[in-house]
Amino acid sequence: MELLTSLVIVSVAALIHASFQLSISMLTLLSSHTIGSKRSHSHLLRLTNAFVAGVGVMTILLVSFTALVASNVFGTKIPSLAWVVLCGLLFGLGVSVWLFYYRKQGGTSLWVPRDVAKYLHDRTKATKNSGEAFGLGLSSVVAELLFVLAPVAVGAFALVSVPPLWQLVGIALYGLISLLPLLVVNGLIGSGRKLSQIQKWREDNKLFLQFIAGTGLFILGFYLYVAEVLAPVVSASAGSAL
Amino acid sequence: MSQPIDVVKQGGRRPSERFNQNKLHNSLKAACLSVRSPEGEAETAAANVCRAVIVWCTERPEITSADVRRVAAHHLQRIHPEAAYMYKHHYLVL
């Protein structure tokens with residue numbers, strides 16, 4: 001895989017990762033509780049920044065860990081079978097996102113089991129200092145691992161074949177792009193925008209976001225299947241026929 | 001209120017408790033503050049809605065927490081629609 005192709009695949013995987021909403025929901029809740037309990041604006045910013053930092057650190061750790069495992073198991077060349085498994089995962093998750101990502105009720109309720117959602121809700125409500133907010137950010141990524149794992153694995157698989165320095169660039173790129181929506185929401189909250197407006201926009205556009213995330217997974221899976229599974233087989237067949 | 005009112009929580013999955021006006025007031029005020037209303041406005045809105053909810057539940061010996069939330073949101077909607085939106089959707093964010 002060429003360097004540029006790898007970085008583009010990493011960027012697309014990170015964009016799909018960015019379309020998942022659990023961390024944004026938790027950031028909205030955290031802000032809502034903090035503003036509602038009359039804490040200062042600087043305290044709010046400390047909490048939201050720590051939360052975003054937690055999400056960023058866990059995302060980067062996940063990509064790095066997956067890339068390390070992939071490079072230890074497969075070396076610098078990922079076998080076709082691993083790509084086939086990953087493509088299957090992407091197709092399956094794409095359909096799951098279309099069908100299950102948001103619950104069929106008002107608001108922006110996600111697929112997360114209700115007990116877990118209640119626990120996260122209570123933890124968000126109880127968060128009062130930056131350390132807790134950082135931990136909450138870490139756990140929000142882990143809570144959505146089921147959906148996040150596929151784009152993370154794509155990013156990691158794409159990175160193992162590039163030179164080490166570019167691997168670092170790729171990991172940073174993945175972290176930055178996957179954090180973009182959180183950074184935007186954090187900026188809006190920091191600039192004094194009303195949470196009701198942000199939440200209303202999210203609710204009004206949730207079906208579009210769901211469609212984009214599912215379709216993105218599907219398109220990425222299709223591209224990887226053609227580029228990493230079919231193309232080498234076709235090239236080998238054509239080579240042996242000549 | 002002439003007699004204590006029991007609030008059935010989460011359809012009976014959690015133990016019932018006595019209706020607590022302060023708890024309702026605080027949650028309504030927090031909803032108003034979360035949409036960046038000034039504190040005075042939040043206080044007034046919460047107090048008005050609390051009064052309306054108390055009138056509604058006076059004749060009822062037992063009510064559910066979902067009822068309280070629904071009725072409070074209904075009254076808050078007329079006074080402060082944005083806060084009502086946050087109040088109604090608070091448990092539907094995650």
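**Contacts, burial and packing**

Modeller: A:Ala156 touches A:Val63, A:Thr66, A:Ala67 and A:Ala70, leaving out residues up to four places away in sequence. Contact requires C-beta atoms, placed from the backbone, to lie within 7 Å. This is a predicted model, in which local features need pLDDT of at least 70 and side-chain atom pairs count only at pLDDT 80 or more, while totals for chains, interfaces and linings use all residues. Residues are numbered from 1 along each chain as its sequence is written, and chains are lettered from A and ligands numbered from 1 in the order in which they are written.

Colleague: What makes a set of residues a nonpolar core?

Modeller: The members must be buried Ala, Val, Leu, Ile, Met, Phe, Trp, Tyr or Cys residues joined through C-beta atoms within 7 Å. A residue is buried with 20 or more other C-beta atoms within 10 Å of its own, exposed with 12 or fewer, and partly exposed in between. The largest nonpolar core has 64 residues, of which A:Ala13, A:Phe51, A:Val154, A:Ala156 and A:Phe157 touch the most other members. Another core, of 23 residues, lies apart from it and includes B:Ala31, B:Val53, B:Ala84 and B:Tyr85.

Colleague: Why does B:Ile79 count as partly exposed?

Modeller: B:Ile79 has 17 C-beta neighbours inside 10 Å. Buried starts at 20 and exposed ends at 12, so a count in between is partly exposed. B:Ile79 sits in helix 3 (residues 65–79) of chain B. Its contacts, not counting residues up to four places away in sequence, are B:Ala45, B:Asn48 and B:Val49.

Colleague: Why does A:Val226 count as exposed?

Modeller: A:Val226, in helix 10 (residues 206–241) of chain A, has 12 C-beta neighbours inside 10 Å. The cut-off for exposed is 12 or fewer, so A:Val226 counts as exposed. Its C-alpha is 9.9 Å from that of A:Cys87, 139 residues apart in sequence.

Colleague: How many helices and strands does chain A have?

Modeller: Chain A has 10 helices and zero strands. Helices (H or I, at least four residues) and strands (E, at least two) are DSSP runs, numbered from the N terminus.

Colleague: How do you know that chain A is as compact as a globular protein of that length?

Modeller: Its radius of gyration is 19 Å, close to the 18 Å from the globule rule for 242 residues, so chain A is as compact as a globular protein of that length. The radius is taken over C-alpha atoms, and the rule is 2.2 Å times the number of residues to the power 0.38. Buried residues are 42% of the 242.

Colleague: Which residues of helix 9 of chain A are buried?

Modeller: In helix 9 (residues 195–204) of chain A, the buried residues are A:Leu195, A:Ser196 and A:Gln199.

Colleague: What puts them on the same side of helix 9 of chain A?

Modeller: They cover an arc of only 95° around the axis, which puts them on the same side of helix 9 of chain A. The arc is that of the directions from the helix axis to the C-beta atoms. On the other side, A:Trp201 and A:Asp204 are exposed. The buried residues pack against helix 2 (22–36) of chain A together with helix 1 and helix 4 of chain B.

Colleague: How many residues of chain B are in contact with chain A?

Modeller: 13 residues of chain B are in contact with 25 residues of chain A. Helix 1 (21–34) and helix 4 (81–89) of chain B each supply at least two residues of that side of chain B.

Key. Two residues are in contact if their C-beta atoms, placed from the backbone, lie within 7 Å.
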